[in-house]
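The sequence and structure are shown first.

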Amino acid sequence: MTSREGWIKCSERMPEVDGGYICWDGRYVSTYLFLFGSWQANRFLVPSITHWQPLPEPPQESNDDKS
């Protein structure tokens, strides 16, 4: 699964792997953890998330980036 898929409705499918995801709660885009079948932030469950997508790949450091 790649971030090019775009937003996925929680009512259609939830993540298959625990980890961090970009989420939409109807007002804000933020990152949340999906652990044990639930969205979590600061150890609290987050019931208002309606859409999610995988985090993008981190940047790759090249030799030009090193100082």
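Contact, as the term is used here, means heavy atoms within 4.5 Å. The model under discussion is predicted.

## Sheet architecture

The strands form an open sheet of six, in the order β1-β6-β2-β3-β4-β5, and their pairing is antiparallel. At the edges lie β1 and β5 (44-45), each of which pairs on one side only. Strands of a sheet pair through backbone hydrogen bonds, in either a parallel or an antiparallel sense.

Two bridges connect β1 (residues 8-9) with β6 (residues 51-54) in the antiparallel sense; here K9 faces H51 of β6. Strand β6 is also joined to β2, again antiparallel, by four bridges, and C23 is positioned opposite W52 in β6. Between β2 and β3 there are six bridges, and these two strands likewise run antiparallel. Within β3, T31 is the bridge partner of I22.

## Nonpolar core

The largest nonpolar core comprises ten residues: I8, C10, Y21, C23, Y32, F34, W39, V46, I49 and W52. Two elements, β2 (19-24) and β3 (29-35), each contribute two or more residues to this core.

Among the core members is F34. When neighbours within four places in sequence are left aside, F34 is in contact with M14, P15, V17, D18, G19, Y21 and W39. Of these, Y21 and W39 also belong to the core.

D25 is located in the loop between β2 and β3. Which side chain of opposite charge is nearest to D25? That side chain is R27, at 6.3 Å. D25 is accordingly without a salt bridge, although buried.

The D25 side chain does reach backbone atoms: the nitrogen of R27 lies at 2.9 Å, and the nitrogen of Y28 at 2.8 Å. Leaving aside neighbours within four places in sequence, the contacts of D25 are Y32, S48, I49 and T50. Y32 and I49 from this list are members of the largest nonpolar core.

## The loop residue F36

F36 occupies the loop between β3 and β4 (38-41). Its phi is positive, at about 55°, although F36 is not a glycine.

Is F36 buried or exposed? F36 counts as exposed because its relative accessibility is 73%, and the threshold for that class is over 50%.

How values were computed. Residues numbered from 1 in each chain as written. Predicted model: local features only at pLDDT ≥ 70, side-chain atom pairs only at ≥ 80, totals over all residues. Heavy atoms only, no water. Core = buried A, V, L, I, M, F, W, Y, C linked by side-chain atoms within 4.5 Å. Buried < 20%, exposed > 50% of the residue type's maximum accessible area, 1.4 Å probe, protein only. Lys, Arg positive; Asp, Glu negative; His and termini not counted. Salt bridge = Lys/Arg side-chain N within 4 Å of Asp/Glu carboxyl O. Polar contact = N/O pair within 3.5 Å; in protein donor to acceptor, adjacent residues only side chain to side chain. Pairing = 2+ DSSP bridges.
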